[in-house]
Amino acid sequence: MRSKTFIGKIDIWLFVIYLALVTIGLLSIYAAAFNADHPHIWDFSQNYGKQLVFIGVSMLVGFVILLIDATVFNAFAYVIYGLSLLSLLLVLVIGSKISGSTSWIQLGPISFQPSEFAKFGTALALAHYLGKLDTDLTKFKTKLTAYGIVFLPMLLILAQGDAGSASVFIIFLFVLYREGMGGRILIIGLVAATLFILSLCVSKWYVMIGLAVIYAIFLLMIDRTKKNVWLLTGILIAACAFVFSVDFAFHHVLKPHQQTRINIILGKEHDIRGVGYNLNQSMIAIGSGGFSGKGYLHGTMTKYNFVPEQHTDFIFCTVGEESGFIGCFFLIALYLALMLRIIHLAERQRSPFSRIYGYGIACIFFFHFAINIGMTIGLVPVIGIPLPFLSYGGSSLMFFSMMIFVFLKQDANRMNIL
Amino acid sequence: MIKNKINYSQRQYVIGSIFILVAIILLIKLFIIQIVDDSYKHSSENNTLRYVTQYPQRGKIYDRNGKLLVYNDAVYDLMIIPSQAKNIDTSSFCKLLNINNSTYNTYFQKAKKYSSITPSIFISQITKEEYGRIAEMLYHYPGFYFQTRSIRQYPMPIAAHTLGSIGEVTKPEMERDAYYKLGDYIGKSGIEKYYEKELRGKKGIKITVVDVHNREKERYMGGAFDTLPEPGSDIILGLDADLQTYGEYLMAGKTGSIVAIEPSTGQILAMVSSPTFDPNDLVGRGRGARYNELLNDPDKPLINRAISGTYPPGSTFKMINGLVSLESGVMTANTPYPCSGPNSSPIKCTHHHGSPVRLYDAIENSCNPYFWQAFQAMMNSHRFKDQKEAFQFWYDNVTSFGLGRACESDIPFTVSGNIPKREYYDKIYRGVWNALTIRSLSIGQGEILVTPLQLANVAAAIGNEGYFIEPHYVKNLGGASDSVIFGKHVINIKQRHFKDVKKGMQSVFEGEHGTARMSYIPGITVGGKTGTAENPHGLDHSIFMAFAPVDNPQIAIAVVVENAGFGSTWAAPIASLMIEKYIRGEITRPYLEKRVLTTNSAQ
């Protein structure tokens with residue numbers, strides 16, 4: 001029998017990884033936002049001082065989570081989810097506009113980003129729904145409900161004009177896959193992504209001609225029963241509709257700066273002075289780090305504010321420049337360890353709620369990790385989503401921390417589930 | 001057990017593998033840019049990059065005939081990056097800059113307070129001569145460098161209020177728009193303010209590698225990340241520089257304003273507010289001091305009286321009242337009303353003429369009793385349920401001339417004046433009022449207040465026989481022809497009524513009793529109307545409105561001379577000279593000009 005205190009029961013590896021990431025985050029923000037006039041890390045007028053406060057508050061909230069009953073989160077999953085939807089609605093009414101999207105609620109000196117809350121709420125609600133004993137993911141109605149839980153907050157965030165945060169919710173498809181949704185969903189996802197990129201790269205008419213050719217080839221090859229022909233035609237129509245809606249969304253839903261970002265990644269625009277400027281500065285900062293980096297607080301690109309938004313979305317630049325490939329390798333390994341550890345722990349849960357929730361947060365971390373680092377090195381478009389635990393910002397740190405602590409509590413309590 | 005709960009746990013490996021695969025892809029890309037590809041590395045650690053802002057040329061401003069009104073001249077700003085300004089020999093540096101030690105410290109602290117790593121202006125607008133002397137020695141002082149800037153120059157000292165001025169951005173302005181950095185210039189008033197976005201252009205940036213000795217060594221990455229500044233758009237105004245100059249010449253020594261509009265387009269041809277000042281005064285390093293001087297001048301030269309001075313229109317308002325009564329159907333232009341001269345009641349007549357009078361004579365003689373009776377007839381018309389409904393009809397028609405509201409165009413800070421509302425009278429007379437109570441309105445007195453701009457616009461609307469284009473400054477933006485379109489407003493009064501009124505206005509100049517017959521211009525038909533605005537604070541204001549030629553007006557004008565008595569004495573001759581200057585290009589009546597210039601209006 002292990003120690004009876006909850007401290008003894010929590011998974012020490014996951015906790016240590018969490019602490020390591022938060023610490024690296026604080027040090028990186030200190031390096032990125034360093035102000036010679038305020039050299040102390042506890043100077044609360046500076047971003048690093050504020051981040052220290054955010055970490056303290058997050059830890060405190062985490063501690064409270066570890067103290068309260070583990071079953072609360074399953075029982076109140078829908079309530080928390082409902083509250084997060086409410087806050088998304090609220091932001092549309094009273095939100096304040098920051099760089100093109102209305103995604104912040106201002107409460108006196110505190111600003112709060114409901115989209116971060118919604119990720120947490122959706123992970124809980126999805127876990128609660130799929131974790132019920134009578135939920136059967138092979139049923140159409142169940143699938144529809146599961147999609148609904150995921151897409152409702154996504155649509156509300158899209159309405160704020162924050163396409164970046166909305167895209168995070170796509171990753172819940174992985175969770176559905178793990179819980180028995182046909183593997184087709186991943187293949188459909190992959191085909192959709194390919195069509196998506198193709199229809200942005202070349203004219204939609206070319207894509208549709210291509211689709212028609214493939215359709216003709218398949219029609220010649222397969223057994224032409226009535227059912228097969230209808231099915232194939234249905235797929236063709238769906239694919240064409242998808243291409244059309246992507247084209248429409250790109251030109252009418254995305255803001256011009258987002259279109260430009262995507263165009264640059266796709267190589268359609270070479271704009272190293274405008275939007276591409278950020279990306280190039282970011283890649284120069286990381287690239288100039290070389291094998292072992294320029295040393296902590298010695299990044300010249302960092303020091304002279306060459307990379308915009310470096311302490312928030314581009315925090316990875318600081319790591320890349322000052323600690324080089326070695327540091328990046330270590331950080332990526334740390335994230336991988338975090339995600340794989342969560343999956344590992346999730347698989348040993350007795351309660352389906354805990355398992356599904358674990359997958360939910362692992363996938364959220366994965367999406368943020370892949371997209372954020374990918375954008376700083378030019379692999380994916382510049383989408384403004386934070387790097388978990390490293391990027392400056394109270395809302396994101398708070399909810400990422402809550403995700404971890406709720407999972408730690410579920411795991412510590414797993415033996416009590418019959 | 002529920003049968004379909006199949007164990008999908010082997011799928012954890014698929015998901016785990018995707019995680020690992022993506023991590024490997026990220027690492028490969030990192031390996032390429034950090035280790036394999038050299039192009040992202042940059043030169044030695046001791047070099048720093050300097051971002052020098054390349055300021056664009058602010059757009060130039062021309063008058064309607066292509067005469068240059070505003071252009072740019074180069075000056076130099078001494079920039080500082082406080083974190084790089086180390087080991088400065090302060091005493092020699094102060095000597096070089098001609099400042100004392102404490103000034104140096106004040107400037108340094110100001111720059112440091114803004115940011116120690118982003119450049120800010122240390123001393124602004126250094127002349128070319130000084131620049132040459134200082135630049136030679138600047139290599140002794142790391143962290144300092146020069147940046148070229150331009151200031152505004154005005155070849156003609158006119159139209160200061162219209163053109164406006166630029167000045168350093170304030171903190172709230174910087175917070176509102178991230179384009180601006182400390183020390184940047186922004187339009188503060190007039191055209192410069194309204195068309196700031198078009199005029200300012202787009203800043204560029206030049207990145208140079210600077211060594212530890214403050215020497216610029218090379219373009220960073222061969223200039224690949226430099227951006228060229230984009231010059232601002234030029235603006236062509238509807239203003240006629242010659243007419244504006246002449247207007248300011250005529251108004252010198254008087255207090256008041258002139259507004260001239262091209263009726264067919266709504267463009268401002270001239271806008272004079274007197275006293276005025278030379279726009280060159282608000283340029284350069286002396287701007288602050290000179291601005292305060294103007295601000296504290298008891299004659300208030302900074303105020304643009306043409307758009308913010310409000311006056312009771314007096315008799316110039318009679319045409320609108322006439323038009324409303326004609327439109328209401330209670331009378332025609334030939335309906336006669338009696339006038340008993342000074343014995344008339346309740347409003348006396350101040351002119352001597354026969355009785356009864358018809359519309360044309362009434363306008364020509366500015367007969368008060370006629371317009372009171374026409375107003376009363378309209379208010380008592382059976383067409384309306386009661387007098388309040390009749391008043392609403394009057395109010396709607398009057399405001400359709402653009403009165404009682406601020407101008408909705410590129411003219412900033414216009415005031416709305418006042419046209420009283422029915423609710424207002426309900427309140428002050430506790431609901432009990434009629435035509436007699438508000439009789440002052442019939443002769444343009446009472447609560448009515450208009451600006452000279454609004455008055456000129458009324459002249460344009462009458463000249464156009466029933467419509468006007470919202471008055472505005474700009475003719476053409478950035479080269480595109482007629483790219484700016486402002487609203488056309490159609491007045492809901494029949495054109496034939498306008499024709500009748502215009503006929504009366506023409507006889508103001510040409511009739512035997514016309515109140516402006518002294519200002520008649522041989523060879524040019526003019527329709528106009530004198531006015532005298534009662535001024536409780538001193539002598540009455542002299543007012544005049546006119547348009548010419550009558551059949552196809554090219555100019556509509558309003559003139560107000562404060563504390564100058566009757567409209568016919570001052571405002572009418574000035575308006576007539578302006579009209580002749582614009583239409584004919586020369587003055588054929590030097591005696592009239594001489595009288596306007598040499599006789600001082602009552603002070």
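Where in chain B does B:Asn98 lie? It sits in the loop between helix H2 (90-97) and helix H3 (101-114) of chain B. The legends below cover this residue and several other local views.

The model is predicted: local features need pLDDT of at least 70, side-chain atom pairs count only at pLDDT 80 or more, and totals for chains, interfaces and linings use all residues. Residues are numbered from 1 along each chain as its sequence is written, while chains are lettered from A and ligands numbered from 1 in the order in which they are written.

View 1. A:Phe389 counts as buried because 28 C-beta neighbours fall inside 10 Å.

**View 2. Five strands of chain B form an open sheet.** The order is E12-E11-E18-E17-E16, and the pairing is antiparallel. Strand E12 (267-274) and strand E16 (527-533) stand at the edges, each with a single partner strand, so one side of each has no neighbour in the sheet. From one strand to the next, the twist averages 5°. (Axes are lines fitted to C-alpha atoms, for helices over the stretch in contact; angles run from 0 to 180 degrees between N-to-C directions.)

**View 3. E16(B) pairs with strand E17 (residues 541-548) of chain B.** The two are antiparallel over 7 bridges. Two strands pair if DSSP finds at least two bridges between them. B:Thr530 has B:Phe544 in E17(B) as its bridge partner.

**View 4. Helix H9 (residues 241-251) of chain B lies across two strands.** These are E11 (256-262) and E12 of chain B. The helix runs at about 25° to E12(B). (Residues are in contact if their C-beta atoms, placed from the backbone, lie within 7 Å.)

**View 5. A cis peptide bond joins B:Ser274 and B:Pro275.** Omega is about 0°. B:Pro275 lies in the loop between E12 and helix H10 (287-296) of chain B.

**View 6. A cis peptide bond joins B:Ala548 and B:Pro549.** Here omega is about -15°. B:Pro549 is in the loop between E17 and strand E18 (555-561) of chain B.

Technical notes
Helix = DSSP H or I, 4+ residues; strand = E, 2+ residues; numbered from the N terminus. Buried ≥ 20, exposed ≤ 12 C-beta atoms within 10 Å, placed from the backbone.
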